[in-house]
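Subject: Structure handover

Hello,

Here is the structure for you to look through. Please open it beside this email and follow along.

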Amino acid sequence: MSGSPNRAGRYVPRYPRRAGRYALRLGSLAGALGIWQLLTSLNVNLWVRFSQFPTVADVARAFADRVTGDDYWTDLTDSLTRILTGFALAAVLGVAAGVLVARSRLAEDLLGPLVEVLRPIPAIALVPVAILLFPSNEQGIVFITCTAAFFPVLVSTRHAVRALTPVWEEAVRTMGGGRWRILFSVVLPGALPGIFGGLSVGIGVSWICVISAEMISGQYGVGYRTWQDYTVVDYPGVFVGMVTIGLLGWLTSTAVELLGRRLTHWLPRTSYVPTGRAPRRASGTAAGAPVGTPTAPASPTTQEGVPHEQLV
């Protein structure tokens with residue numbers, strides 16, 4: 001990595017650009033796989049027994065065999081259908097309940113104690129309840145997935161709405177805006193960063209619970225197939241299921257994060273600044289001008305960087 005001296009005359013390494021960062025990430029993954037292959041091929045037993053693990057080559061061969069079969073894609077489709085259905089329900093219900101509890105004292109008094117009592121219960125512990133309530137395992141798994149994501153979304157939405165500054169709402173009321181205008185122009189846009197934080201957490205918890213539910217009461221699905229491989233002592237197949245779960249979780253969480261960035265593009269973004277390097281100046285400051293140099297006045301903005309015109 002190249003570098004340049006900072007204002008104090010000290011050498012500061014320059015962080016690599018996007019291509020270099022991707023290379024570092026791929027190198028990190030390749031290094032982890034190489035260590036796994038080395039430890040398992042040499043049958044290393046140092047407190048933990050790597051001799052019981054399949055090698056990377058064994059898992060790769062099993063993965064290639066699974067991908068060429070129809071069962072793998074059927075399991076993949078079933079798991080994705082369950083997770084997307086349950087997560088979509090949790091997103092809608094969680095955001096609605098979070099806004100309601102944060103904005104209404106009556107809703108807080110009625111729903112708050114119930115939420116706090118049910119929230120610590122692990123969603124996977126609701127499998128017996130789902131079996132008793134729903135006529136099919138499919139509906140029960142969706143219920144467990146929805147419950148797992150519901151509470152993180154609700155809590156994050158509630159905190160995000162309560163953290164909004166009242167000045168925004170007062171500005172809309174001054175301009176003649178009503179309750180619905182405040183909701184869609186102030187509350188929901190202002191709470192979007194917190195809402196997507198809860199959605200990001202919720203999608204990860206949903207994957208944990210849907211896989212566990214499939215292992216217990218599912219028919220088809222990645223979790224069901226992984227458990228079946230374990231019962232017949234097919235350890236490479238177990239690791240194929242684990243890798244599949246990890247990839248699916250990474251793809252869905254990345255999709256939620258990208259959607260959040262798309263919908264909150266108006267937020268100011270921060271970037272990594274190495275130690276000793278001067279931070280990048282705001283767009284309103286002229287390039288190369290001293291900090292105290294006056295510049296043309298910008299449009300009035302709120303505390304969070306949202307233009308005042310967009311709020312009213």
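Below is what was found in it, starting with the whole chain and moving on to single residues.

Please keep in mind that this is a predicted model.

**The chain as a whole**

The chain has 312 residues, and 32% of them count as buried. It contains 11 helices and 4 strands. Its accessible surface is about 19,600 Å². Carbon and sulfur atoms make up 64% of that surface. Now look at contacts with a separation of 6 or more: 65% of them join residues 24 or more positions apart.

**The nonpolar core**

Nonpolar side chains tend to be buried together in soluble globular proteins. Here, the largest nonpolar core holds 50 residues. Ile144, Val187, Leu199 and Trp207 have the most contacts inside it. Several helices give two or more residues to this core, among them α2 (56-67), α6 (137-162) and α10 (235-263). Which element gives the largest share? That is α8, with 15 residues.

Take a closer look at Val187. Leaving aside residues up to four places away in sequence, Val187 touches Val99, Arg103, Val161, Leu164 and Ile182. Remember Arg103, as it comes up again below.

**The salt bridges**

Side chains of opposite charge can pair when their charged atoms come close. The structure holds 12 salt bridges.

- Arg225 pairs with Asp75, with 2.8 Å between the closest N and O atoms. Arg225 sits in helix α9 (residues 222-231) and Asp75 in helix α3 (residues 70-103), so this pair links distant parts of the chain, 150 residues apart. Is Asp75 buried or exposed? Asp75 is buried, because its relative accessible area is 3%, and buried means under 20%.
- Arg103 pairs with Glu169, and their closest N and O atoms are 3.0 Å apart. Arg103 belongs to helix α3 and Glu169 to helix α7 (residues 166-174), so the pair ties together parts 66 residues apart in sequence. Arg103 is partly exposed, at 40% relative accessible area.
- Arg173 also forms a salt bridge with Glu169, at 3.0 Å from N to O. Both residues lie in helix α7, 4 residues apart, which is about one turn of the helix. Arg173 counts as partly exposed, with 48% relative accessibility.
- Arg66, Asp229 and Asp234 are linked in a network of salt bridges.

Best wishes

Conventions
Residues numbered from 1 in each chain as written. Predicted model: local features only at pLDDT ≥ 70, side-chain atom pairs only at ≥ 80, totals over all residues. Heavy atoms only, no water. Buried < 20%, exposed > 50% of the residue type's maximum accessible area, 1.4 Å probe, protein only. Contact = heavy atoms within 4.5 Å. Areas by Shrake-Rupley, 256 points an atom, 1.4 Å probe, with all protein chains shown as cover. Salt bridge = Lys/Arg side-chain N within 4 Å of Asp/Glu carboxyl O. Core = buried A, V, L, I, M, F, W, Y, C linked by side-chain atoms within 4.5 Å.
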